[in-house]
Amino acid sequence: METATHHHVEALARLKANLESCILGKSSEIELLLTAMLAGGHVLLEDVPGTGKTVLIKALARSIDGQFRRIQCNPDLLPSDITGVSIYHPKEEKFLFRSGPIMTNILLVDEINRATTKTQSALLEAMEEQHITVDGDIHELPSPFMMLATQNPIDFEGTYILPEAQLDRFMMKLSLGYPSEAAEKQMITSQSKVHPMEALQAIMDTSQVLAIQEQVRHVHLDEAVADYLVTITRKTREHQAVFLGASPRATLSLVLASKSFAFLHGRDYVIPDDIKYLAPYVLGHRMILHSEARMDGATVSSVLGAIFEQVRVPVRLEK
């Protein structure tokens with residue numbers, strides 16, 4: 001790798017350590033979050049309350065010196081509460097756009113499934129197109145832009161299930177889960193006097209994030225490895241237990257995530273293990289199983305495991 005790339009890899013290692021100082025014992029999940037950010041993707045965090053989701057997202061925004069906004073979803077939330085509105089200014093005799101919280105670098109959409117489907121749909125354009133349309137005018141979002149949405153997997157009262165079209169726009173679906181006993185004890189000690197967030201310093205700025213995102217796109221994907229990736233996503237559509245498989249958008253998401261993951265580990269090429277590791281997080285939430293298969297005990301994880309066994313891993317033979 002070139003010197004500039006090595007510099008970025010080292011900066012990312014410091015960024016990861018920065019986040020780990022706030023959220024203990026979640027190294028793998030933090031790595032996945034950074035993978036999604038470098039790939040320009042959005043993340044759905046499905047977890048019970050109090051596991052540190054908000055702290056992690058705030059820490060990420062502060063670590064890249066980016067703007068952070070939070071939207072607390074509820075059934076009364078309107079699309080204009082997210083995007084902003086045009087207000088008539090009598091003195092200037094024209095309408096002026098007052099931007100909403102979506103005009104930021106890191107957007108936390110808390111309990112997204114509590115917003116109505118109409119309000120949820122207001123996020124689709126921003127997630128896919130990186131801009132919003134208000135009163136016919138297009139407004140570009142800040143760059144980089146990353147949306148992280150949370151939802152509670154156990155409290156379904158007063159919630160609206162995310163439609164498949166919106167789930168498909170999330171690059172990854174993650175769960176932090178409860179910390180280990182050792183991490184929870186360490187958390188008591190480290191946060192008894194002052195929260196680690198208060199001492200958190202920026203490791204890089206948003207311009208560096210954009211530069212790394214550009215480098216990630218140039219990570220090499222060998223044709224044999226690309227065939228391996230495409231075969232996996234296509235198998236999710238052909239498996240007898242699957243009602244709806246991964247979309248072509250999922251294929252592209254897995255490509256970008258794999259390149260980002262490789263870069264994060266100091267490589268300028270993707271290996272099959274990158275794809276195999278990321279596939280459950282990138283493809284899992286995009287797959288719907290037949291009800292009969294679920295009744296027989298099939299899960300998305302077991303189906304993906306069976307697909308991995310069917311697909312031949314490309315191996316390069318050195319002479």
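Residues are numbered from 1 along each chain as its sequence is written. In this predicted model, local features need pLDDT of at least 70 and side-chain atom pairs count only at pLDDT 80 or more, whereas totals for chains, interfaces and linings use all residues; side-chain values use heavy atoms, with hydrogens and water left out.

Five strands form an open sheet in the order E2-E5-E8-E1-E9, with parallel pairing (strands, E, are DSSP runs of at least two residues and helices, H or I, of at least four, numbered from the N terminus; two strands pair if DSSP finds at least two bridges between them). Strand E2 (68-72) and strand E9 (172-174) are the edge strands, each pairing on one side only. On average, neighbouring strands of this sheet are turned by 20° against each other, direction ignored (axes are lines fitted to C-alpha atoms, for helices over the stretch in contact, and angles run from 0 to 180 degrees between N-to-C directions).

Strand E5 (residues 106-110) runs parallel to E2, to which it is joined by five bridges; here Ile71 stands opposite Val109 in E5. The pairing of E5 with E8 is also parallel and comprises four bridges, with Ile106 opposite Met146 in E8. Five of the five residues of E5 are buried, so this strand is largely enclosed by the rest of the structure (buried means under 20% relative accessible area, exposed over 50% and partly exposed in between, with a 1.4 Å probe and protein chains only). In a regular strand the side chains alternate between the two faces of the sheet. Both faces of E5 are covered, with Ile106, Leu108 and Asp110 buried on one side and Leu107 and Val109 buried on the other.

Grid points are joined across faces, edges and corners, and a volume is the space filled by probe spheres set on the points. The largest pocket holds about 490 Å³ of space. Its lining comprises 24 residues, of which Ala39, Gly40, Gly41, Arg217 and Leu256 lie nearest the centre. Helices H5 (117-129), H8 (206-216) and H10 (248-264) each supply at least two lining residues, and H10 gives the most, with four.

One cavity of 30 Å³ or more was counted. The largest cavity contains about 50 Å³ of space, and residues lining it include Ile106 and Met146.

Leu162 lies in the loop between strand E8 (146-151) and helix H6 (164-167). At 4% relative accessibility, Leu162 counts as buried. Beyond residues up to four places away in sequence, Leu162 touches Leu44, Ile112, Gln120, Gln151, Leu167 and Phe170 (contact means heavy atoms within 4.5 Å).

How values were computed. 1 Å grid on protein atoms, 1.4 Å probe; cavity = no way out; pocket = protein on both sides within 12 Å on 5 of 7 lines; lining within 4 Å.
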